[in-house]
Amino acid sequence: MVLGGVVLEQPNIELLINDFNEIRASRNLNHEIKWGKISNNKLDCYKAFIDVFFNHMNKGLITFHSIVIDCSQLDHSKYNGGDHEIGFSKFTYLLLLRIGKECKTYQAIHTYLDNRNSNQSLNELKTILNSGIAKKHSMTHRPFKRVHYIDSKTSDFVQAVDLLIGAIGYKFNGRDLQENASKPRIELLNYISQKSGVRGLNEGTPFGKKGFTIWKMRFDK
């Protein structure tokens, strides 16, 4: 399982949105962009769309962070009361806490999560995040001001994340090596890998890397 997110400062939001809109208009991309919708006839369009992220990443205006969890090592019955949603919430918390470290100088962090059916209290998550970041990174203020859901259909940022974590998951799970592997997905995976500057999408990135990170989570025995 791969979770991921992008980080950018408020003054840069409109700039990226305008660039995403320009690509959509020039390429007739009127639908929601998802890893599961990649096809040969839309491959070049998807490359152009993800180029918006990488072009701005290279300018230091946006970063991407992800966490990879080996689900075969999870024991929800032992640690999460048999509820996989609790486990999912824990990993969301860990990813946001890691992102929060990068944003520790910010006075306000507004967090937008891809909408999902969950009974998770976002106010409770916000409280836990502020407590966790204060303890782990010795912060005296409460940076997480808002945590709420957003419909992926309305957010090009969420859709860009879907492509990035889709490529990482495809590689980590060895789907690209299977006999029936999707050729356009493999091509986009390789394109993202080359653009990202990482050694491989199925490897964790070194501590302290900037721009594009993959955290391969290790479980204590």
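This is a predicted model: local features need pLDDT of at least 70, side-chain atom pairs count only at pLDDT 80 or more; totals for chains, interfaces and linings use all residues.

Biologist: Which residues make the contact of H1 and H6?

Modeller: From H1 come Ile-13, Leu-16, Ile-17, Phe-20, Asn-21 and Arg-24, and from H6 come Asp-156, Phe-157, Gln-159 and Ala-160. By class, this contact of H1 with H6 divides into 6 nonpolar, 2 polar and 2 charged residues.

Biologist: At what angle do H2 and H6 pack?

Modeller: Helix H2 (residues 43–57) packs with H6 at an angle of about 105°, and their axes are 10 Å apart. H2 is thus roughly perpendicular to H6. On the H2 side, the contact is made by Tyr-46, Phe-49, Ile-50, Phe-53 and Phe-54. H6 contributes Asp-156, Gln-159, Ala-160, Leu-163 and Leu-164.

Biologist: What is the make-up of that contact of H2 with H6 by class?

Modeller: The contact of H2 with H6 has 8 nonpolar, 1 polar and 1 charged residues.

Biologist: And H7, how does its axis cross that of H6?

Modeller: The axes of helix H6 (residues 156–172) and helix H7 (residues 183–196) cross at roughly 105° and come within 10 Å. H6 and H7 are therefore roughly perpendicular to each other. In H6, the residues involved are Leu-163, Leu-164, Ala-167, Tyr-170 and Lys-171. They meet Arg-185, Ile-186, Leu-188, Leu-189 and Ile-192 in H7. The contact of H6 with H7 has 8 nonpolar and 2 charged residues, with no polar ones.

Biologist: Let us move to the strands. What is the order in the open sheet of 3 strands?

Modeller: The order is S1-S2-S5, with mixed pairing. Strand S1 (2–7) and S5 stand at the edges, each with a single partner strand, so one side of each has no neighbour in the sheet. From one strand to the next, the twist averages 15°.

Biologist: In which sense do S1 and S2 pair?

Modeller: S1 and S2 pair in the antiparallel sense, over 6 bridges. Ser-66 in S2 is the bridge partner of Gly-4.

Biologist: Which strands of the sheet does H2 touch?

Modeller: H2 packs on the sheet and touches S1, S2 and S5. The direction of H2 makes about 100° with that of S5.

Biologist: A change of topic: how many aromatic pairs does a search of the whole structure find?

Modeller: The search finds 7 aromatic pairs. One of them is formed by Phe-64 and Phe-212, and that pair is tilted, at 4.8 Å centre to centre with 40° between the planes.

Biologist: Where do Phe-64 and Phe-212 lie?

Modeller: Phe-64 lies in strand S2 (residues 63–68) and Phe-212 in strand S5 (residues 212–216), so the pair ties together parts that are 148 residues apart in sequence.

Biologist: Finally, how many bridges join S3 to S4?

Modeller: Strand S3 (residues 109–114) and strand S4 (residues 144–150) run parallel and are joined by 6 bridges. Leu-113 stands opposite Tyr-149 in S4.

Biologist: What unit do S3 and S4 make with H5?

Modeller: Together with helix H5 (residues 122–137), S3 and S4 make a right-handed β-α-β unit.

Technical notes
Residues are numbered from 1 along each chain as its sequence is written. Side-chain values use heavy atoms; hydrogens and water are left out. Axes are lines fitted to C-alpha atoms, for helices over the stretch in contact, and angles run from 0 to 180 degrees between N-to-C directions. Helices (H or I, at least four residues) and strands (E, at least two) are DSSP runs, numbered from the N terminus. Angles under 35 degrees count as roughly parallel, over 145 as roughly antiparallel, 65 to 115 as roughly perpendicular and the rest as oblique. Contact means heavy atoms within 4.5 Å. Ala, Val, Leu, Ile, Met, Phe, Trp, Tyr, Cys and Pro count as nonpolar, Asp, Glu, Lys and Arg as charged, and the others, Gly among them, as polar. Two strands pair if DSSP finds at least two bridges between them. A crossover is right-handed if, with the strands pointing away from the viewer, the path from the first strand over the helix to the second runs clockwise. Rings of Phe, Tyr and Trp (its six-membered ring) pair if their centres lie within 6.5 Å; planes under 30 degrees apart count as stacked, over 60 as edge-to-face and the rest as tilted.
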